[in-house]
Amino acid sequence: VSKTIQSYCQNEFYHQTTYIPNGVEKYSAPVGSSLLSEWNLRPQKYLLTVTRLVRHKGVHYLIDAWQTARQQNPELLNGYKLVVVGDSTFTDEYVRELKEMARGEDSIIFTGWQNGRSLAELFHNAVMMVHPSENEGLSLAVLRAMSLGKAVLVSDISEQKELITDYRFWFANTNIDSLSHKIVENLRHPEWMAEAGAKNKILAEKKYNWVNIAKQTEQIYTTAMNK
């Protein structure tokens, strides 16, 4: 699903593979904000991360970086929140660790698993998505944010950089200071986020459209069966 994995297969196993990326639907239906009040959120006033709460997804780095950013830039981040969407995947101890890190911090919201309209509203109304994963295949959550025209701040691993090509939205993988700096830098420049979001939407529609990807996948199976 990524060119990085394709190269790995070639280098490790000396086999050619077919690259077909993950994809995303084109969302055209209007999305409101009526459900945000459940978490006391305001549109464009929160950063969003959507992921399984497992250690390699790096949410602990994000929480630490968010707290650092707020301490160092209270005026800029006043009124902003960090929303963590997702929950345990047989990782209850890690989830407890995250919530302990956020104890007493009312700017960090854990929503648990969300889907359907509630998830759509959370994506649609975020000012920016952050994906701090240490390793990836090709993130569906990042693709969905891109398809909605959102800026996405990602760790600088190769799989993420395939999707997000603007260096202003990369931070050094696992580096809390780098992540904190990039959060602040981008919130100081809303024009960067608007520009990146528009480019992300075009890229998602052009290269990561499920309709085209489904056709490519069907062709692979057809070829294999004909052999």
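Which residues is L122 in contact with, leaving aside its neighbours within four places in sequence? The legends below take this up in turn.

This is a predicted model, in which local features need pLDDT of at least 70, side-chain atom pairs count only at pLDDT 80 or more, and totals for chains, interfaces and linings use all residues. Residues are numbered from 1 along each chain as its sequence is written, and side-chain values use heavy atoms, with hydrogens and water left out.

**Figure 1. Surroundings of L122.** Beyond four places in sequence, L122 is in contact with L36, W39, L41, Y46, L48, V83, V85 and Q114. Contact means heavy atoms within 4.5 Å.

**Figure 2. The largest nonpolar core.** A nonpolar core is a set of buried Ala, Val, Leu, Ile, Met, Phe, Trp, Tyr and Cys residues joined through side-chain atoms within 4.5 Å. Buried means under 20% relative accessible area, exposed over 50%, and partly exposed in between (1.4 Å probe, protein chains only). The largest such core has 58 residues. L47, L48, L122 and M128 have the most contacts inside it. Helix α2 (residues 59–72) gives the largest share of this core, six residues. In soluble globular proteins, nonpolar side chains tend to be buried together.

**Figure 3. The whole fold.** The protein has 10 helices and six strands. Helices (H or I, at least four residues) and strands (E, at least two) are DSSP runs, numbered from the N terminus. The radius of gyration is 18 Å, close to the 17 Å that the globule rule gives for 227 residues, so the protein is as compact as a globular protein of that length. That radius is taken over C-alpha atoms, and the rule is 2.2 Å times the number of residues to the power 0.38. The C-alpha trace spans about 60 × 40 × 35 Å along its principal axes. Of the 227 residues, 48% count as buried. Among contacts with a separation of 6 or more, 73% join residues 24 or more positions apart.

**Figure 4. Surface and charge.** The protein exposes about 11900 Å², and carbon and sulfur atoms supply 50% of it. Accessible areas come from the Shrake-Rupley method with a 1.4 Å probe; for residues, only the protein chains shown count as cover. There are 25 positive and 25 negative charges, with mean positions 6 Å apart. Lys and Arg count as positive, Asp and Glu as negative; His and the chain ends are not counted. Each charge is placed at NZ of Lys, CZ of Arg, CG of Asp or CD of Glu.

**Figure 5. R55 in its loop.** R55 is found in the loop between β1 (46–50) and α2. Its relative accessibility is 42%, so R55 counts as partly exposed. Not counting residues up to four places away in sequence, R55 touches H60, Y94, E97 and E134. T91 is 36 residues from R55 along the chain, with 8.4 Å between their C-alpha atoms.

**Figure 6. A69 in helix α2.** A69 has its place in helix α2. The residue is buried, at a relative accessible area of 0%. Leaving aside neighbours within four places in sequence, A69 is in contact with L77, S180 and V184. K206 lies 137 residues from A69 in sequence and 35 Å away, C-alpha to C-alpha.

Figure 7. Y14 is found in the loop between α1 (3–13) and β1. Phi of Y14 is near 55°, a positive value in a residue other than glycine. Y14 is exposed, with 67% relative accessible area. Q44 is found in the loop between α1 and β1. Q44 is not a glycine, yet has a positive phi of about 65°. Q44 is partly exposed, at 37% relative accessible area.
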